[in-house]
Amino acid sequence: MDSDSSAHPTEVTVEAAGWRSVVTDPETICRRAVAATLRAVGPPGAPGEVSVLLADDGTIRVLNRDFRGKDTPTDVLSFPAGPRAPGVPETAPWPLGDIAIALETSARDAAAAGKPLADHLAHLVVHGTLHLLGHDHELPEEAERMEALERRILAGLGIADPYGSETAS
């Protein structure tokens, strides 16, 4: 883990080997994106723990079907762990939840938007981590708040606005 992410334990499992052929060091990208999100909007106290699964469309389709009733792949799924259990000290690390990302869908979306897959991966991890922290985008006002957070966090990582054509400085 690099110093940018050591305060926020993040387990990254690369299940679909194709990730390694299209993105250089996907583990570091995921860890940095989680750490940046938690620094920006995470709860105070001990570090939150996040698990990221980099899978293929087939795996994500099964998860989406089994947990959301939608028999289709999607780019990212988030599974919040829930609030800190009673009696767990604020200084103890605690699990925030799991994020699963589909390679083929993510690659198609990045190509369609003309964006590097590595940047799109970071965006999906930021997006998923925000969901773990309770953010949502079902209503227009929620979507605007969540997108503003994503823009700010990604800009801090040197990644262009995923919702516009501006480049990050």
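Trainee: How do α2 and α5 sit relative to each other, in distance and angle?

Mentor: Keep in mind that this is a predicted model. The axes of helix α2 (residues 26-41) and helix α5 (residues 117-132) come within 9 Å and cross at roughly 40°.

Trainee: Which residues make the contact?

Mentor: On the α2 side they are Pro26, Ile29, Cys30, Ala33, Val34, Thr37, Leu38 and Val41. From α5 come Ala118, Leu121, Ala122, Val125, Val126, Thr129 and Leu130.

Trainee: Why would the numbers step along by threes and fours like that?

Mentor: An α-helix has 3.6 residues a turn, so residues three or four places apart point the same way.

Trainee: How many of the contact residues are nonpolar, polar or charged?

Mentor: The contact of α2 with α5 has 13 nonpolar residues, two polar and no charged.

Trainee: Leu130 is on that list. How far is Pro83 from Leu130?

Mentor: They are 14 Å apart in space, C-alpha to C-alpha, and 47 residues apart in sequence. Pro83 lies in the loop between β3 and β4 (94-102).

Trainee: Is Pro83 buried or exposed?

Mentor: Exposed, because its relative accessibility is 76% and the cut-off is over 50%.

Trainee: Switching to α4. Which residues there are buried?

Mentor: In helix α4 (residues 103-113), Leu103, Thr105, Ser106 and Ala110 are buried.

Trainee: What do they pack against?

Mentor: The buried residues of α4 pack against α1 (18-22), β2 (48-55), α3, β4 and α5.

Trainee: What happens just after α4?

Mentor: Gly114 takes a positive phi there, about 70°.

Trainee: Last topic, aromatics. How many aromatic pairs are there?

Mentor: One aromatic pair. The ring centres of Phe67 and Phe79 are 5.2 Å apart, and the planes are at 70°, so the pair is edge-to-face.

Trainee: Where do Phe67 and Phe79 lie?

Mentor: Phe67 is in helix α3 (residues 57-68) and Phe79 in strand β3 (residues 76-80), so the pair ties together parts that are 12 residues apart in sequence.

Trainee: Are those two buried or exposed?

Mentor: Phe67 is exposed, at a relative accessible area of 58%, whereas Phe79 is partly exposed, at 23%.

Conventions: Residues are numbered from 1 along each chain as its sequence is written. This is a predicted model: local features need pLDDT of at least 70, side-chain atom pairs count only at pLDDT 80 or more; totals for chains, interfaces and linings use all residues. Side-chain values use heavy atoms; hydrogens and water are left out. Rings of Phe, Tyr and Trp (its six-membered ring) pair if their centres lie within 6.5 Å; planes under 30 degrees apart count as stacked, over 60 as edge-to-face and the rest as tilted. Helices (H or I, at least four residues) and strands (E, at least two) are DSSP runs, numbered from the N terminus. Buried means under 20% relative accessible area, exposed over 50%, partly exposed in between (1.4 Å probe, protein chains only). Axes are lines fitted to C-alpha atoms, for helices over the stretch in contact, and angles run from 0 to 180 degrees between N-to-C directions. Contact means heavy atoms within 4.5 Å. Ala, Val, Leu, Ile, Met, Phe, Trp, Tyr, Cys and Pro count as nonpolar, Asp, Glu, Lys and Arg as charged, and the others, Gly among them, as polar.
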